[in-house]
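Student: I have a new model open and I'd like to learn how to read it. Can we go through a few features together?

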Amino acid sequence: MKVKQVNWQGAAVHTREIDPRKDYDWIVKQGELQLFEQMEYMHRVALRDAGGEAPILALLLEDQAVGLLIGDLPSSRLDHGNRVIYNTLYLEFDKEEQENILESITSLLLCSQKTYKPHQQHFSDYAETLYAQEAEKTVILPSLYKQADLSLSPIQSNKLILPSTPVNRNRCARYLMDFEPSTENGHFYLISTGRVSLEKCEEIAELSEDMLLLTLSSEVESEIDFNKGKGRFDKLKKIMRFNK
């Protein structure tokens, strides 16, 4: 596995302490966190407690910085109820590191469940060093070790919600490999999450005009193009409520 060392300018860890009086929270915050408010919102709405076999990831590209979140990271610590404590790691980088971060998240999207496990453990271990206040401002990230399958249909819209299948994660990886911002301000979000409802997906979709969102929700059976109008999306939600 190819890796690279990348310096971060801000870091945060969402975890919990063993004290039964304390719940999960962003216990660690270090350095410059210009994009943290947006990422914290996305985490709360679409990434926290989102179960499933897909990687829990978020990428946030803005004019001034790049944010990378990796969730569902099992630690070696147990809480007061003898349950595994899970970490969420958020790292923020200077805009100059955009290419490196795109390459890393592309590599994570292309992982199988088996090959993703070592990455998951690596990031949890790093979150633990931050929690213990022992981390340097350098993190080891995976480099691109595998090319996306070019035979798959390319992504044609810049604002999609997609079922989180290996094929669609591959298509999103291909999109990132050739990434060019489609909006004037250069904003772009990518989210890979678990079983998150269609309604929450819509809430997140309001944040940016340039977004790809992968979900394991049973409500999403095929890709939805938000650029074709919110009316179609509202109609789809009504159908889902009726079928329930």
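This is a predicted model: local features need pLDDT of at least 70, side-chain atom pairs count only at pLDDT 80 or more; totals for chains, interfaces and linings use all residues.

Student: Then is His 14 buried or exposed?

Tutor: His 14 has 5% relative accessibility, so it counts as buried. You'll find His 14 in strand β2.

Student: Which residues is His 14 in contact with, leaving aside neighbours within four places in sequence?

Tutor: Tyr 24, Asp 25, Trp 26, His 43, Arg 48, Tyr 86, Asn 87 and Thr 88.

Student: And how do I read a pair of helices, say α1 and α5?

Tutor: Look at the angle between their axes; over 145 degrees counts as roughly antiparallel. Here, α1 (residues 36-47) and α5 (residues 198-205) cross at roughly 165°, with their axes coming within 9 Å. The two helices are therefore roughly antiparallel to each other. The crossing of α1 past α5 is left-handed.

Student: Which residues meet there?

Tutor: From α1, Tyr 41, Met 42, Val 45 and Ala 46; from α5, Lys 200, Glu 203 and Ile 204. By class, that contact has five nonpolar residues, two charged and no polar ones.

Student: Where is confidence highest, and where is it lowest?

Tutor: Check pLDDT, the predictor's confidence in each residue. The protein averages 88, and 91% of the residues score at least 70. Strand β2 (residues 10-15) is highest at 97, while helix α6 (residues 230-243) is lowest, with a mean of 44. Over residues 235-244 the pLDDT is below 50, and that stretch has eight contacts in the model beyond near neighbours in sequence.

Key: Residues are numbered from 1 along each chain as its sequence is written. Side-chain values use heavy atoms; hydrogens and water are left out. Axes are lines fitted to C-alpha atoms, for helices over the stretch in contact, and angles run from 0 to 180 degrees between N-to-C directions. Helices (H or I, at least four residues) and strands (E, at least two) are DSSP runs, numbered from the N terminus. Angles under 35 degrees count as roughly parallel, over 145 as roughly antiparallel, 65 to 115 as roughly perpendicular and the rest as oblique. A crossing is left-handed if the near helix is turned anticlockwise from the far one by less than a right angle, and right-handed if clockwise. Contact means heavy atoms within 4.5 Å. Ala, Val, Leu, Ile, Met, Phe, Trp, Tyr, Cys and Pro count as nonpolar, Asp, Glu, Lys and Arg as charged, and the others, Gly among them, as polar. pLDDT is the predictor's confidence in each residue, from 0 to 100. Buried means under 20% relative accessible area, exposed over 50%, partly exposed in between (1.4 Å probe, protein chains only).
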